[in-house]
Every structure is written in structure tokens, then in C-alpha cells.
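Subject: Structure for you to look at

Hello,

Here is the structure I promised you. Please open it next to this email and follow along.

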Amino acid sequence: YTKSYTTDTIYTIIGLVLAELSMTLKALAEDDSIINTLQPQFDINAQPFEYAAPLIYRMLNMTASYLKALDDNEFEIKYPHSSDAVDLTFYSNKAPYFYEYLERVNVLVPNHFLVYGNEGDDGLWTDYVVSESPHGVDATEIAAYDEVYRIVLAGSLTTQSDVNLRAASLLARAKFEAMAGRMYAPHDARVELYDKVEVLDGRGL
């Protein structure tokens, strides 16, 4: 994978890189509206040499998606969000049991992602575009704490839609990666990476 990509989507590029490693990427089933739409200006193998893992990680950070390993050197794209159906429920009074559960509510900082795009061919940002609210904005977290910005420069994004999607994906990733709770339970081989787990005590809470 030694070329510069300008006409391929992120999903296609990841598939090509995995193919170079004798691995495969499953057909896309969960689309975040970025991974198979955005065609990034993306250069590979600049010095120092860029290995496949950080390369794929860099591409995934442009999206709200994640890469999940499966059997037989196969991978799939996962797009977790709050509306996902529950995969597995643990109970205090019936199987499958949990012993202890500690809920943790974190303050989301930053809670307002501002993405600036379209640096122009001269790199002077004379005609830039910036993400619009509510994209990249969590009003509930702002009301609970304060407005904390993170400014992201994405000069290769040239449209309002693209910078809005990047801001929304940054917010979604920040929320998904915040630890919500910690549970102690007997080992259960059914739990998989990116599953949505529900915890209910004897009162159904």
C-alpha cells in the first residue's frame, strides 16, 4: 500500500490495506455516513515508515466507527450508538448473575467540537468552513458543567456537510469511549467486543 489515495473511501482503503496483510474486511453492514462516503486526501508511507495498524487507526479516527476482529483473519466495521438493541442482560437475582456493579457518571470534556475545513490550495484558510451546531455539541453536558471546546483542523474537508459529520463523529467517539460502569460477574464467553450490556438488580433497576 504505497500509493496516495484520493478517490477511494475510508472503507475501501482499510480493505485494501488488510488485503496486503492476507486479511479480509466483511461487507459493510453498519454505516456511520462517513466511512463509505468520505474520500480523504490520504498519503501513506511518508517518513518514518507507517505500519498497517497505526495507518488503519488514523483512518478510523476520521469516522465514528470501529474495527472488530473476527475468526480466520477477518474484520468487520462496527458503528455503536445509544439506540442499539441490548445484546446481553445480567441480573442480581437470576442467571446470568452479576456480583457487583458500580455506575460511574463522567463529565464529558470537551463537550463542543469545532471542526474547521477547506484550507484552500494555498493553505491560507481564506475561505474556511466551520462545523455548525448541533453537530459536535452536547447541550446536556454543557448545561451540567460548562462549555469546553476542542478545535480540530481538517483542511482537506471542503464542504459544510463533511465538517459537520466530522464534528458529530468526534463527539460520538468521545461519548462512547467514556467509562459508564464497572461490573463483577462470573466469566461469560458470550460477551463480545462492542456488545451493549444491560445490568438489572432484583428490583428491575
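A salt bridge is a side-chain nitrogen of Lys or Arg within 4 Å of a carboxyl oxygen of Asp or Glu. Keep that in mind for the charged pairs below. One caution before we start: this is a predicted model.

**The overall picture**

The protein chain has four helices and ten strands. Along the sequence they follow the pattern α-β-α-β-β-β-β-β-β-α-β-α-β-β. The C-alpha atoms fill a box of roughly 65 × 45 × 30 Å, taken along the principal axes. Of the 205 residues, 35% count as buried. The accessible surface comes to about 12,500 Å². Carbon and sulfur atoms account for 51% of that surface. Now take the contacts between residues at least 6 apart in sequence: 75% of them join residues at least 24 apart.

**The salt bridges**

How many salt bridges does a search of the whole structure find? It finds six. Here are some of them.

Arg-173 forms a salt bridge with Glu-177. Their closest N and O atoms are 3.6 Å apart, so the pair falls within the 4 Å limit. Arg-173 is buried, with a relative accessible area of 10%. Glu-177 counts as exposed, at 52%.

Lys-78 and Glu-30 also meet through their side chains, at 2.9 Å from N to O. This pair links distant parts of the chain, 48 residues apart. Lys-78 sits in strand E3 (residues 74–78). Glu-30 lies in the loop between strand E1 (24–25) and helix H2 (52–60). Lys-78 counts as buried because its relative accessibility is 17%, and the cut-off is under 20%. Glu-30, at 25%, counts as partly exposed.

Glu-192 forms a salt bridge with Lys-68, with the closest N and O atoms 2.7 Å apart. This pair, too, links distant parts of the chain: 124 residues separate the two. Glu-192 is in the loop between strand E9 (181–184) and E10, and Lys-68 is in strand E2 (residues 66–69). Lys-68 is buried at 8%. Glu-192 is partly exposed at 46%.

**A sheet and a helix**

Three strands form an open sheet in the order E7-E6-E8, with mixed pairing. Strands E7 (129–130) and E8 (149–154) stand at the edges. Each has a single partner strand, so one side of each is left without a neighbour in the sheet. Strand E6 (residues 112–117) and E7 run antiparallel and are joined by two bridges. Tyr-116 stands opposite Val-130 in E7. Helix H4 packs on this sheet and touches E6, E7 and E8. Its direction makes about 150 degrees with that of E6.

Now find Arg-166 in H4 (residues 160–176). Which side chain of opposite charge is nearest to Arg-166? It is Asp-162, 8.0 Å away. Arg-166 is buried yet has no salt bridge. Leaving out residues up to four places away in sequence, Arg-166 touches Ile-34, Leu-38, Met-62, Val-115, Ala-154 and Leu-157.

**One more strand pair**

Strand E4 (residues 88–91) pairs with strand E10 (residues 197–200). The pairing is parallel, over four bridges. Thr-89 has Glu-198 in E10 as its bridge partner. In E4, Leu-88 and Phe-90 point one way, while Thr-89 and Tyr-91 point the other way. Are these four side-chain positions buried or exposed? All are buried.

Best wishes

Methods:
Residues are numbered from 1 along each chain as its sequence is written. This is a predicted model: local features need pLDDT of at least 70, side-chain atom pairs count only at pLDDT 80 or more; totals for chains, interfaces and linings use all residues. Side-chain values use heavy atoms; hydrogens and water are left out. Buried means under 20% relative accessible area, exposed over 50%, partly exposed in between (1.4 Å probe, protein chains only). Lys and Arg count as positive and Asp and Glu as negative; His and the chain ends are not counted. Contact means heavy atoms within 4.5 Å. Two strands pair if DSSP finds at least two bridges between them. Axes are lines fitted to C-alpha atoms, for helices over the stretch in contact, and angles run from 0 to 180 degrees between N-to-C directions. Accessible areas come from the Shrake-Rupley method with a 1.4 Å probe; for residues, only the protein chains shown count as cover.
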